Amino acid sequence: MKNRLLRCVFVFGALFLPTFASAQTEPATVSVVGIKESITVRRDARSIPYIEATNDADLYFMQGFVTASDRLWQMDLLRRVARGETAEIFGKQTLNEDKRWRKLGFARVAQESLQYLNPELRIALENYAKGVNAYTATLDEKSLPVEFKILQYKPREWTPADTIVIGKILAEALSSTYTRDLLRESTKGLDPAKLADLNNQVTPFDVVLFGKDNPIRTASGSDQVNFHEVSDSKPKRSCSSCTSLLQNYSELASNEERIRRSSLERIGFYSEELAASNNWVISGKRTADGKPILANDPHLLASAPGIWYLSHLSTPTMRVSGVTFPGVPGIVLGHNENIAWGATNVGPDVQDLYLETFGADGKYKTPAGFADPIIRKEEIKVRVNPFKTDVTTEILEVVETRNGPIIADVDGKKYALKWTALDAKNSDFEAFFNVNRAKDWNDFTKAFKTYGGATQNFVYADIKGNIGWYAAGRIPIRKTGDGAFPYDGSTNEGEWTGFIPFEELPHLYNPPEGFIVTANQRIVGTSYKYQQMSRDASSPWRARRIYELLKANSKVTMDDVSNIQLDSFNRPLSNLAKKILELEAATPENIASLKSWDGKMTPDSRAALLANEIRVCGANKMAEDNQPAPAYIIRERVFDRVIGEKTSIWLPKKYASFAAMLKECDTESSAAFTRRYGSDAAKWVWGSSAQSNFPHPLAVAPLIGGQFATPKVGLSGSGQTPNVGSYVSMRHIASPGNWDATRHVIPLGQSGNPQSPNYKDQFESWRTGSAAVFPFTKPAVEAATKSTLVAVPR
């Protein structure tokens, strides 16, 4: 029976390879063991699969098969990263990354999570895994994806737990904030007024959606909420005996972040400072055709292949399309026949550190006395030679307390990590399984009430014209404080007493303004009682720009929305340019360049490159005088306000004025540009710095890496503009009720095979914003079909 199955799926796999003809080909029919009814798989010109089945079991089986046919090595790499198994194929260069993942123990959490899943979701995961394994069974030495051949190994079977563990990568990318706790600990010795400024998130540019601000006047003269005063821990002035320890906290935080970043960058999931994505919804009252519009563009560090996979799924009871992660069944972001939804990251504090007290006997202190920790031994396989498969085994001993694994050690001070992602009862994917079938706002909110992944701003629009937003996730409430600083693990002061009730989470439904914008900004005012919701939110620049463009247009079209997604106006750099002109803090040539600049980060702009360089330079100089405060926090939370207000406490000691500091940065820019871009000043433009970059994990390998090359051209946009360049991981625009006009594009292509015509065929559409229509209704799908495969049960 097994041999017959393998022969059958082998034929199926061979026939399934997409046909790249200019016109539709005749359907191919194959018989398959493992399915109940016939399944039709259509592919369009972009090789997007449209899977039509008569039942869920066959649907998810085929989705697993199809996705594996395009992205099998990527799927294997994702699970290896989350399980801490990359050193087995990459060697010692990723060993520290594996150790970090093993400390977290996500492999165990994922396996344990299966018992808590909705039975329907668990069955879907099982059928998806069967489909993946059926495809894998069709492969031989010649047909294996090229990465397996290069690295000389074969994929093991896919399991439901492999899907769950991919969700933990998202948690790590979008909700890991404990290094911020260490940074706050390291900055306790700073001047209180400066410390208040570093923690101030209130600005004149905020787009607050829920609650209102009750400002407090700080020592430096700014209105703000002092988040340190919400915490039990109070900042203290520096002392000679603690300076070294505080510096060690900062160094540990930086080292942890470096390892974390390296690991996530390899798979395209790194999100700098948790800043990931734009979305908005517009009521039909403010659109040209009277229908609502939803837009979404998540921002994560680019990779090849990209993290998203476009799919269209249908059964007699469900029709849904959008994107998912390779290895995850269903649709994560997209629309069905009734509603559309999108997501951006919120970034609340869902992690806490606990300073544990260990005795000489290895026991640790608890409120009830000393207790034995759990000792977990992890066996990590490490490849000895990149050209051979021989491995050695390294044993990592992980210590766990009642609060979680020991994740950090500062001069003998051991810190345990508590995190919502380490709770097996928190489901990352059940909400998406349910929202795929949602018919209205009630179904939508009911679905996300079960959501336990990284907290997201979920926006909503439906065919009846309604729009809404819900910030959903499990956000802990502490017995004392708000988790800004590490707790004493020997007490119950940092105990989690519950989670913010779903009904009290920020949300809106059909707001009077007629549109809702989220872009990782501070979404709640200072009057909101759970301030841990937005403590690590991003700067408001993207949200403010999108808000102003929508506010100015009462007849929005899908083209208008596309233009906003591509908008590259940079408000903080535009403000800085005006200040430089006012202070005459640049050379005559650079003043002329800045004077004629429109504030847009376009590839041919010299002023954009210059303004950005001066901003980075100025923040770095301020950081040098205020160690260990990180330069990036000074740049994003302090620099713009300080330059605008000329706040003297932040002026570095070596300068008589901010004009002098900016002028020196202007002078230094020429040397910096020569060093990076060469002596030809014609190349000193934004496009030389901001280029498309989609690295494949093997692209740097000598001789063989060239085959994974992707386009490298100058791009518009930056981190403070709606368009963030290569970080845009996909773009989606949907108008409920006008589903066949949906636009959905990913940066490269559907296929992970560098030899496929669909490896990078979507790049130009992604770069330029030209409409990449994703048909939805059956007639539209059939009209777009280029190849068809019909699988029948055997």
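Reader: Which residues of helix α15 are buried?

Author: In α15, the buried residues are W541, R542, A543, R544, R545, I546, Y547 and L550. Buried means under 20% relative accessible area, exposed means over 50%, and partly exposed lies in between (1.4 Å probe, protein chains only). Helices are DSSP runs of H or I with at least four residues, strands are runs of E with at least two, and both are numbered from the N terminus. This is a predicted model, in which local features need pLDDT of at least 70 and side-chain atom pairs count only at pLDDT 80 or more, whereas totals for chains, interfaces and linings use all residues. Residues are numbered from 1 along each chain as its sequence is written, and side-chain values use heavy atoms, with hydrogens and water left out.

Reader: Why is α15 called largely enclosed by the rest of the structure?

Author: Eight of the eleven residues of α15 (541-551) are buried, so the helix is described in that way. The elements against which these buried residues pack include β6 (278-282), α16 (558-565) and α19 (606-624); contact means heavy atoms within 4.5 Å.

Reader: What puts the buried residues of α5 on the same side of the helix?

Author: In α5 (residues 106-113), F106, V109, A110 and S113 are buried. They cover an arc of only 100 degrees around the axis, which puts them on the same side of α5; the arc is that of the directions from the helix axis to the C-beta atoms. Among the elements covering them are α2 (56-83) and α8 (160-175).

Reader: How many residues of α8 are buried, and what span should α8 have?

Author: Of its 16 residues, 16 are buried, and α8 is mostly covered. The expected span is 1.5 Å times one less than the number of residues. For α8 this should be 22 Å, and the end C-alpha atoms are 23 Å apart, which agrees.

Reader: Why is R266 called buried?

Author: R266 has a relative accessible area of 18%, and therefore counts as buried. R266 is located in α12 (residues 243-266). Not counting residues up to four places away in sequence, R266 touches L77, F90, T94, E97 and P697.

Reader: What makes C617 and C665 a disulfide?

Author: Their S to S distance is 2.2 Å, and a disulfide is a pair of cysteine sulfur atoms within 2.5 Å. C617 lies in α19 and C665 in α21 (residues 658-677), so the pair ties together parts 48 residues apart in sequence. C617 is buried at 11% relative accessible area, and C665 is buried at 1%.
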